[in-house]
Amino acid sequence: MEGKKHRFGVIGVGLWGQAHAEVYATHPWAELAAVCDSDRARAEALAKRHGAARVYTDYRQMVKDPGIDAVAVATPDFAHRGPVVAAAEAGRHVHSEKPLATTREDAEAIAAAVRASGVTYMVDFHARWNPPFAIARRDIADGALGRVMSAYFRLNDTISVPTSMLSWSTQSSILWFLGSHTVDTLRYLLGDEVERVYAVSRAEVLKSRGIDATDLYQSVLEFRSGAVATIENNWIVPNSNPMVNDFKVNVLGSKGMINMDLTNNQLFERYLESSSDHPDCMVKPLVRDRHVGFAYEAIRDFVECLALGRPVQAGLDDGLKVTSVILAIMESAEKRSPVVVRY
């Protein structure tokens, strides 16, 4: 099967922008045409590494480039509206990093631009390509667990993420950074929507280090089917944790149960003289100088959806619903009372 080749531009050359660039430069149905970043030197370095012909420092100029069919928006959580709206208005397909947006106003502006333009839009909820979740979803859909009664989803980060890895942690939150994955993956697994939430939060550890950000959220989600999920999101896990993520999932049904320990799974344990860890074997491991794993598979899938005219797996509606749930969680934590999700 032969697909139509598309020319891609990448906006933002951080960790995930680099991932997008690598995929577009190596996929037979893609071409990395241009790279854009406010730091020209970083953009030029990435363009040189992967053979992109053009470099921009203004995304508004890049999306008007007639040699570009689609763009990846890999800017920080809070900075998606501008480039997504500009790209859609220019008729470029868009693959945006999660979340869709961090305010209702930004989400509505993105939705209006995408719908008016008719472009293909995908949010990078890449956990949907994680093999354990694909297997669990199939079991749930096939009725192997019976009716889902409850779920527990714990996705945390080590404290190095808000203190060292991200320069913009105070402009986002653990809910946008990881909670968006948590909410979307539960929606994906259960094939259901969240109706009401109740959440509490705490802010102490990061503030003591001069970072004005919430440490953690503990949330209860009620789904329309009656299933109840408890989710835990924090980014103050000690850096001695064997992986950057602390990741555990349980789904309980009327006829069965699924457990996942995606951090301490003993698939690969490494013990050295002064350290020990669990190297990444699933998210983006490097094999023969090429990244594989579910995070890269999600990007490749977007390329293939465009090439073959297939619908994307995580589209505009998914992004809007996740943003609505996260906003409800934040409102609940502030009010200390249950909140009905407003879609």
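Predicted model: local features only at pLDDT ≥ 70, side-chain atom pairs only at ≥ 80, totals over all residues.
How much space lies in the second largest pocket?

Residues are numbered from 1 along each chain as its sequence is written, and side-chain values use heavy atoms, with hydrogens and water left out.

Begin with the whole protein chain, coloured by secondary structure: eleven helices and 17 strands are there, these being DSSP runs numbered from the N terminus (helices H or I, at least four residues; strands E, at least two). The chain is as compact as a globular protein of 343 residues, because its radius of gyration of 20 Å is close to the 20 Å that the globule rule gives; the radius is taken over C-alpha atoms, and the rule is 2.2 Å times the number of residues to the power 0.38. Along the principal axes, the C-alpha atoms fill a box of roughly 55 × 55 × 45 Å.

Next, select strand E8 (residues 194-202) together with strand E9 (residues 216-223), which pair in the antiparallel sense over eight bridges; pairing requires that DSSP finds at least two bridges between two strands. Val200 has Gln218 in E9 as its bridge partner.

Now select helix H5 (104-117) and helix H11 (316-335), each of which supplies at least two residues of the lining of the second largest pocket. About 180 Å³ of space lies in this pocket, and among its 13 lining residues the closest to the centre are Arg104, Glu108, Leu320, Ser324 and Tyr343. On a 1 Å grid over the protein atoms alone, a pocket is an open set of points where a 1.4 Å probe fits, with protein on both sides within 12 Å along at least five of seven lines, and lining residues have an atom within 4 Å of a point. H11 gives the most to the lining, with six residues.

Finish with Cys36 and Cys305: Cys36 is buried, with a relative accessible area of 3%, and Cys305 is buried at 2%, where buried means under 20% (1.4 Å probe, protein chains only). The structure holds zero disulfides, a disulfide being a pair of cysteine sulfur atoms within 2.5 Å.

Terms used. Buried < 20%, exposed > 50% of the residue type's maximum accessible area, 1.4 Å probe, protein only. Points joined across faces, edges and corners; volume = space filled by probe spheres on them.
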